[in-house]
Amino acid sequence: MKTQEHLQQMTLIAGPCSAESEEQVLATAISIAKINPAAIFRAGIWKPRTRPNAFEGIGSAGLPWLCKVKEITGMQTATEVANARHVEECLRHNIDILWIGARTTVNPFSVQEIAQALKGTNVRVMVKNPVNAELSLWMGAIERLDLQGVKHITAIHRGFHKPEKQAFRNDPRWELAIEMRILAPNIPMLCDPSHICGNKELIPYVAQKALDLGMDGLMIETHINPLRALSDADQQLTPSELASVLDNLRVRLPEMDKTDGKGELQKLRTSINRTDEELLQLIFRRMQYSREIGEYKKKHNLSILQVNRWEELLRDRIGLAQGMGLSKSFVKRIYNLIHEESIRKQSEVMAN
Ligand code: PEP
Ligand code: MN
């Protein structure tokens, strides 16, 4: 089965959490190549396990298996690196893409060591978000690679650790992924639904959400026999499950040229721009009144904060807004901000 044509346009990385045996690697790769020959094949060679004595990856012995995958299927290959030695071994085996795992992105020493080992190479590097929700670490890792001249850098959103038990293994915190895209607009971003979900069931939902947000592709753990996987067994799909997830995905168009023939979206955007301008002018005018009130209060020696007036005003505005169908909590937040700024303006007047 081949995936729909539009899905071929997004980056798809698929393959097992860990390379376990040559047979498992080749059988998984051949099945994935049949689904999407343009897919990139992933397999973890060195595995960062939380506790010792778990399967810590096959190690360098697995690298020739990835070479075979490329020979047989033509797919590019990708694996995780956590130190300079991993980088050197991968380069020696012509691995196409190296990714820095979530447990490594948190450590600037390791990232720096990896970045230096990559200096002068042309290999593509992907950086998973750090385990903890700290964007500067994610950004810092990208900057360290950039400073060493790494040209092809991609970010991977794999969710963030959260101590409480919840539906997801790692909290997606979509707003952080969006913030990262704004901070680094030239860095493509893929989503890794497998590590966000921790189970198979939620993968279609998370994968679709990532595409709806305009992410550039997906990394999905796929194993020829997930029940016997030596790591992350619960979240790995079989190749045929992968095909069905892909078949049900809808890739959203990145730009509007093709869809917006009659200029409808453009018109709506123009209206939004005009309304925002009016909104800012109104806020400006309101702040001018606050300033005038501040002057009046100063002249008559009145205190700035008049609690009764503020409570009455807030009640009135919330009632008005609810009548228009706006949510109470939204309007309350806006008015708290307006009030805060108004007090600040009046304090300025008092101080002068
Ligand atoms: C992995 O991709 O198998 C992995 C260990 O991921 P992460 O670094 O996101 O936990
Ligand atoms: Mn994994």
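Hi everyone, and thanks for coming. Before anything else, please keep in mind that we are looking at a predicted model.

Let's start with the metal. Which residues coordinate the manganese ion (ligand 2)? There are Cys17 through SG, His195 through NE2, Glu221 through OE and Asp232 through OD, at 2.1 to 2.4 Å.

Now for helix α1, which spans residues 22-35 and holds threonine 28. Threonine 28 is buried, with a relative accessible area of 0%. Leaving aside residues up to four places away in sequence, threonine 28 touches Pro16, Phe41, Thr222, His223 and Ile224.

Helix α1 also has a partner in α2, residues 63-73: the two axes come within 10 Å and cross at roughly 30 degrees. Angles under 35 degrees count as roughly parallel, and α1 and α2 are therefore roughly parallel to each other. The crossing of α1 past α2 is right-handed. On the α1 side, the contact is made by Glu22, Val25, Leu26, Ala29, Ile30 and Ala33, and on the α2 side by Trp65, Leu66, Lys68, Val69, Ile72 and Thr73. Sorted by class, the residues of this contact are 9 nonpolar, 1 polar and 2 charged.

Let's move on to the second pair. At what angle do helix α12, residues 307-323, and helix α13, residues 328-351, cross? Their axes cross at roughly 140 degrees and come within 10 Å. That makes α12 oblique to α13, and the cut-off matters here, because only angles over 145 would count as roughly antiparallel. Here too, α12 passes α13 in a right-handed crossing. From α12 we have Trp310, Leu313, Leu314, Arg317, Ile318, Ala321 and Gln322, and they meet Lys328, Val331, Lys332, Tyr335, Asn336 and His339 of α13. The class count for this contact is 7 nonpolar, 3 polar and 3 charged residues.

One more helix, α9, runs over residues 203-212, and its buried residues are Ile203, Val206, Ala207, Gln208, Ala210 and Leu211. What do they pack against? The elements are α7 (174-183), β7 (189-191), α8, β8 and α10. After α9 comes glycine 214, with a positive phi near 85 degrees.

Asparagine 94 has a positive phi, near 55 degrees, in a residue other than glycine. Asparagine 94 is placed in the loop between α3 (84-92) and β4 (97-100), and is exposed, with a relative accessible area of 53%. For asparagine 301, phi is positive as well, near 55 degrees. Asparagine 301 belongs to the loop between α11 (264-299) and α12, and with a relative accessible area of 71% asparagine 301 is exposed.

Definitions and conventions
Residues numbered from 1 in each chain as written. Chains lettered and ligands numbered in written order. Predicted model: local features only at pLDDT ≥ 70, side-chain atom pairs only at ≥ 80, totals over all residues. Heavy atoms only, no water. Donors = N, O, S within 2.8 Å, 3.2 Å for Na, K, Ca; no water. Axes fitted to C-alpha atoms, helices over the stretch in contact; angles between N-to-C directions. Helix = DSSP H or I, 4+ residues; strand = E, 2+ residues; numbered from the N terminus. Parallel < 35°, antiparallel > 145°, perpendicular 65-115°, else oblique. Left-handed = near helix turned anticlockwise from the far one by under 90°. Contact = heavy atoms within 4.5 Å. Nonpolar A, V, L, I, M, F, W, Y, C, P; charged D, E, K, R; others polar. Buried < 20%, exposed > 50% of the residue type's maximum accessible area, 1.4 Å probe, protein only.
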